[in-house]
Amino acid sequence: MFLSSLEEVQNKTRGFEAGANDYLTKPFDMLEVKARVRSLLKAKAYSDAVKEQIASELRVAREIQMGMLPHDFAPFEQAYGVSFGAVLEPAREVGGDLYGVCAAGPERLVVFLGDVSGKGIPASMFMVRAISLARLLARDVAEPERILARLNDELATDNPSGMFVTFLCAVFEPKSGRLVMANGGHCKPVLLPAGGAPQWAVKNLGTALGFEPGLEFERTELILKPGDTLVLYSDGVSEAFNPQEECYGNDRLLVDAGALVGQAAPDVTARLLQKVRAFVNGAPQSDDIAILTLKVQPGKTESAARQTLELHAMPEEVMRGVEVLQNFSAAQGVPEKIIFGL
């Protein structure tokens, strides 16, 4: 609050433009000053309470959003002979990037990664809708291009906000090593062949989802060999900027990813993120960052071992089922903690 003998309108205007909440001219009465200060303090207390409530709600929203993403990949890794590494860092409290891994059958693993337009709460709500629909469709639809087509129809049919999402979907068959992908306007994934040079896994970007129904999407087929790695990422990686406003870019991404050939999937994800952070050199994060790495484990392209068990509807059969499951899981090298949870 300004206390000033300058009482012209232009002086008061300058005071408010400088950040004042109140302006009192001399001569003044101390009772009025105290009353104005109390009023300002009440307004500040109310503002602080509202900010804290919003911050608290955003923290809960972030926990809910992050809880929708897979964090424990062990069941997928054991069943499909692959390994995963993933990270998601929203630019704000909540964001619009997403990734998912769905077991759609013993011979079909669905992997996807997307990026909703915009940031913050609107993007996070659209992200929740997109990831929920994608999970449902992945279990019922076998081809990734059809998954994208159905997902696009659902998002475009009722979309008053006009938001959209770029989305890449891949279906991996562990027995043959075949990987089928469809791209809906998303960044081209990087393929790191074991002992080979890095390359883009798809040629075309395709069209983002949510604009209009009835779109068709192109499919790309690859054969992943043991040791091959596929890196999915959002444009928060390739479009990161340093303090000099230089862009990280696709060329730098391909070179940096190529230096990680042969490393474990979690290490590829972590070290690629480190390279991006080193490049931005402390500049504010301008967009959400998501990275999902899939690596085919050596000697794991054959179908996973199975255990068939017939249980009768009797109480004593419960413990028999538990014992068989424990022994089978232990024989496959599943960690004890995971067996207990299973």
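Two strands are taken to pair if DSSP finds at least two bridges between them, where strands (E, at least two residues) and helices (H or I, at least four) are DSSP runs numbered from the N terminus. The model described here is predicted, so that local features need pLDDT of at least 70 and side-chain atom pairs count only at pLDDT 80 or more, while totals for chains, interfaces and linings use all residues. Residues are numbered from 1 along each chain as its sequence is written, and side-chain values use heavy atoms, with hydrogens and water left out.

An open sheet of 5 strands shows antiparallel pairing in the order β4-β5-β6-β7-β10. Its edge strands, each of which pairs on one side only, are β4 (97-103) and β10, and the twist from one strand to the next averages 15 degrees, with axes being lines fitted to C-alpha atoms and angles running from 0 to 180 degrees between N-to-C directions. Within this sheet, β6 and strand β7 (residues 178-184) are joined in the antiparallel sense over 7 bridges, and Phe 172 stands opposite Leu 179 in β7.

The structure also holds 6 aromatic pairs, for which rings of Phe, Tyr and Trp (its six-membered ring) must have centres within 6.5 Å, planes under 30 degrees apart counting as stacked, over 60 as edge-to-face and the rest as tilted. One of them, between Phe 2 and Tyr 23, is tilted, at 5.7 Å centre to centre and 35 degrees between the planes. Because Phe 2 lies in strand β1 (residues 2-4) and Tyr 23 in strand β2 (residues 23-25), this pair ties together parts that are 21 residues apart in sequence. With buried meaning under 20% relative accessible area, exposed over 50% and partly exposed in between (1.4 Å probe, protein chains only), Tyr 23 is buried at 10%, whereas Phe 2 is partly exposed at 35%. The rings of Phe 164 and Phe 211 have centres 4.8 Å apart and planes at 25 degrees, and the pair is therefore stacked. Phe 164 lies in the loop between α5 (144-157) and β6 (165-173), and Phe 211 in the loop between β9 (199-200) and β10 (219-223), so this contact ties together parts that are 47 residues apart in sequence. Phe 164 counts as partly exposed at 27% relative accessibility, and Phe 211 as exposed at 51%.
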